[in-house]
Amino acid sequence: MSQQASLAAVLFDMDGTLIDSEKLWSLALGEVAHELGGTLSAETRLSMVGTDLVSSVQMLLDDLGVDAELDVVQRLLVDATAQHFTTSIEWRPGAQELLQLVHDANLPTALVTSTHRNLTSLALETIGRGYFDVIVCGDDVSHTKPHPEPYLTALAALHADPTRSVAIEDSPAGSRSAAAAGLATLVVPLELPVEAAPGLTITDTLVGVTLGTLRSLL
């Protein structure tokens, strides 16, 4: 497609992409693991990056070898994470400026996250709900990332052509989800490296990314 093609929409991941919240999840997971009488391994913690809440809780229990009610531990993790989301969210470099740039250009936008809506709502107190026309959370879909359903759901709600839209991601799971939905994807890895693949453009930072940068990905 020509670099002169118009940009139809921009779809943003949240955790690790717009905000540096993975470290907050790590703190909460560590606290819950301690409450359950164990310590979460670094390997299992890394394997949780980009996954949904239910999967993360199951991985936590499996790693600790603890037999506990999934729903109970899920509530513990949500409560612990909510405290950190309320007080300690920080933007990733360049993310706030890019979001403002896209907003000022009146481009349709979506937030596409594996985080459940109750925690996403807390994060949006910092990010700003008004930046997004559509918000798709982990509990809004049947299949979470790396399945393409989250991005396909957002594209349908935006009535946006995937071949003229761009996703911004940080994780392997999120990148696979966006690419499988047919989106050109700009990837800024945080916790995990992302391997090169068709449809992915990997960069070190969002600092200096412009609308022209996004159009050039189409």
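This is a predicted model: local features need pLDDT of at least 70, side-chain atom pairs count only at pLDDT 80 or more; totals for chains, interfaces and linings use all residues.

Reader: OK, which exposed residues does α5 carry on the face turned away from its buried side?
Author: Those are E97 and D104. Helices here are DSSP runs of H or I with at least four residues, strands are runs of E with at least two, and both are numbered from the N terminus.

Reader: And which residues of α5 are buried?
Author: In α5, residues 95-104, they are A95, L98, L99 and V102. They sit on the same side of the helix because they cover an arc of only 100° around the axis, taking the directions from the helix axis to the C-beta atoms.

Reader: What covers the buried residues of α5?
Author: The cover includes β1 (9-12), β2 (109-112), α6 (117-127), β4 (165-169) and α9 (211-215). Contact means heavy atoms within 4.5 Å.

Reader: Let's switch to β1. What's buried there?
Author: Both faces are covered, with A9 and L11 buried on one side and V10 and F12 on the other.

Reader: How many bridges join β1 to β2, and how many pair it with β4?
Author: Three bridges join β1 to β2, and the two run parallel. With β4, β1 pairs in the parallel sense over four bridges. Pairing requires that DSSP finds at least two bridges between two strands. F12 has L111 as its bridge partner in β2, while A9 has S165 in β4.

Reader: Which residues have the most contacts inside the largest nonpolar core?
Author: F12, L60, I127, F132, I168 and L214, in a core of 49 residues. A nonpolar core is a set of buried Ala, Val, Leu, Ile, Met, Phe, Trp, Tyr and Cys residues joined through side-chain atoms within 4.5 Å.

Reader: What does L214 touch?
Author: Leaving aside neighbours within four places in sequence, L214 contacts L7, V10, L98, V102, V166, I168, L186 and V209.

Reader: Last one: is H84 buried or exposed?
Author: H84 counts as buried because its relative accessibility is 15%. It is in helix α4, residues 70-87. Not counting residues up to four places away in sequence, H84 touches L24, L27, A28, E31 and I89.

Conventions. Residues are numbered from 1 along each chain as its sequence is written. Side-chain values use heavy atoms; hydrogens and water are left out. Buried means under 20% relative accessible area, exposed over 50%, partly exposed in between (1.4 Å probe, protein chains only).
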